[in-house]
Amino acid sequence: MKTGFSLARIGAILIKEFIQMRRDRMTFAMMIGIPVLQLILFSYAINSDPRHLPSAIIDRDHSAFSRSVVTAFANSTFVDFTIAPDSPEEAEAAMAAGKINFIFEIPENFGRDIARGTRPQMLVIADATDPSASSGALAAAGEIINTGLAREFTGALAGLAAGPPPIEVVLQRRYNPAGITQYNIIPGLLGIILTMTMTLMTAVALTRETERGTMENLLAMPARPVEVMIGKVAPYVLVGYIQIIVVLNAGRILFDIPFEGSKILFLWVSTLYILVNLLIGFLFSTVARTQMQAMQMMVFLLLPQILLSGFMFPFRGMPLWAQWLGEILPATHYMRLVRGIMLKGSDRADLLADIWPLLALIAVVSILAMVRYRRTLD
Amino acid sequence: MTAQGVQTEPQPVIDVRGMTKIYGTRKVVDNFDLRVPKGAVYGFLGPNGSGKTTTLRMICGLLKPEDGAGTCLGWDVITQSDKIKTQVGYMTQRFSLWEDLTIGENLHFVARMYGLDNRAERVTTALDSLGLSERKNQLAGTLSGGWKQRLALSACMLHDPKLLLLDEPTAGVDPKARREFWETIHELSDQGVTILVSTHYMDEAVQCDFIAYIAYGKKLIDGPSDTIASQIGLTTWKVEGTGLGVLSKALKSTPGIEQVARFGTSLHVSGPDKKALKAAIAPWRNTADLHWTQTTSGLEEAFIHLMKEVKDNFA
């Protein structure tokens, strides 16, 4: 027998690995499936130059000039005017709830003042929690207005086209006036870190028992599936709390991230989110046959949670179908909740729209896990 | 049973009929019937892969049979396995306690799962009788094979089950520990605990009150252990003397002789047909160095005989 370097032995190991790879259908499917599916999914969904951002328009003037400005913004495709509230308060509430990204407010006598050349002010309020979502539209705002008004500068008003900008745009960046990206990243990161670690913890909960042969013992004892689920999930809620404390304190110390809202509310929604992720992990664990498969499922879910949740790219900038996909991901709702509570100081009423999806996910995932739970070794 | 207290046969602890388990197209257990009376030590014998483990798992609700019905401890084996589990102690073939928990932690966990009262006391008693009190803080994974088996047995008896299902509990255990194990089994049986134990050691079969012999998923024979050999109708001659090695070879190829097995310093020569066997050994009967006596067939001969009959089934 050769004792030195042996190609034959390398070959033997190589062949064995290939055989095992082929037998593990799940790994095989994932090797092909992950790149293809995710490439198609994300290349169409991701848009770093967000368009059609939902906005509110408060037009107090209703003149030809104001209508031209509104039309110009709508034609620019940067924004879509989804609501026309009667009061600024109503508009602000919609922004706090994350329903709109911009508020455009056109004052009374807007048209008259333009005609007089007294340069009226137009107010643009942007939700700056995610600076990258608002920057494109804000940068283009001046140009859009000038283009829109140019059409009106005919006849007697033709002289205005050549002079200084006919109106003054007043910009307000809400919640993050300095446009600090960390304000947006840290709350988002919290969601991603929690989904990564929490899902992983429970994803191997049952497969580990199966692989170690202890599942047979567990099943032979009189335990109900729901008892196993709660018993396996509950300890990790504490782990989740510890992670939250670490991330928040790091954010406060390193980046001076503000915390505007209620800590109790924050703890409450975080508990929901932790539970959703732990239960998803547990569900994976009931589906997967091995720990390896459970981890692959976890990775499969992690990518969309990073890319489609509004963490990496502005949520409203994605095509509608991608937004629908994003709406079923827990991370999407949790990020809105965390940004709402931390940066906007939103209260429970503002956030209800993102709290109930988490509750619904908890219910659906628990039921699926109980249906999938194998009570026998079959 | 009637309310008037009429004397009837007490209900068997296990009473199942027609149990069938199919994997793919293969019937791993085929139409299996079993009645185990209370307090009996019932041996499950058969070669590897004969369906012993599968049958035990079906009885305690770990596998769902494709067909069959019956009761275990008075409960329906198909629909009431939750109730059955509370009264059954199941010891798995492979060590299935938690290797990353200590001996003590494993026992406490099991006690909690069954909701036992006086938990600390029960665990202490179990540790004492195991002789592991000193090592209770040792990880279970670091125990040797024999000690693991003992710990597993102790853990599955912690809740004082009425029925013990033991799947090859003595595999890989040294002879002394095996003897102690069987002493424990008989003590429990005397206390009224019913024990169903699978093994492929023929010498352990004699320890059982009843024996069911399974091969290839089928039950070949079932009855009180002392009647098994006569049920089969095998005749055996014992021969002692010199030159047994040569004799053994010669006998094996003689028609009428089914098996020749060595037992210490003697040979056991068996065949199903009494007359044919007598005729077959006749040429050597008067050899000076050999001493022939007719003897009762043992369990081992009986099982080898059974195995030969079903060999064709094994596909």
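**Domains, sheet and chain contacts**

Mentor: Chain A is divided into domain 1 (53-174) and domain 2 (181-372), with bounds from an automatic or database domain assignment. This is a predicted model, in which local features need pLDDT of at least 70, side-chain atom pairs count only at pLDDT 80 or more, and totals for chains, interfaces and linings use all residues. Residues are numbered from 1 along each chain as its sequence is written, while chains are lettered from A and ligands numbered from 1 in the order in which they are written.

Trainee: How many residues of domain 1 of chain A are in contact with domain 2 of chain A?

Mentor: On the domain 1 side there are 11, facing 14 residues of domain 2 of chain A, where contact means that C-beta atoms, placed from the backbone, lie within 7 Å.

Trainee: And which element gives the largest share of that domain 1 side?

Mentor: Helix H6(A) does, with three residues; helices (H or I, at least four residues) and strands (E, at least two) are DSSP runs, numbered from the N terminus.

Trainee: Switching to chain B, in what order do the strands of the open sheet come?

Mentor: The six strands follow the order S6-S7-S8-S3-S9-S10 (chain B), with mixed pairing, and two strands pair if DSSP finds at least two bridges between them.

Trainee: Why is one side of S6 and of S10 in chain B left without a neighbour?

Mentor: Strand S6 (88-91) and strand S10 (218-224) of chain B stand at the edges and each has a single partner strand, so one side of each lacks a neighbour in the sheet.

Trainee: How many residues of each chain are in contact between A and B?

Mentor: Chain A contributes 12 residues and chain B 16.

Conventions:
Contact = placed C-beta atoms within 7 Å.
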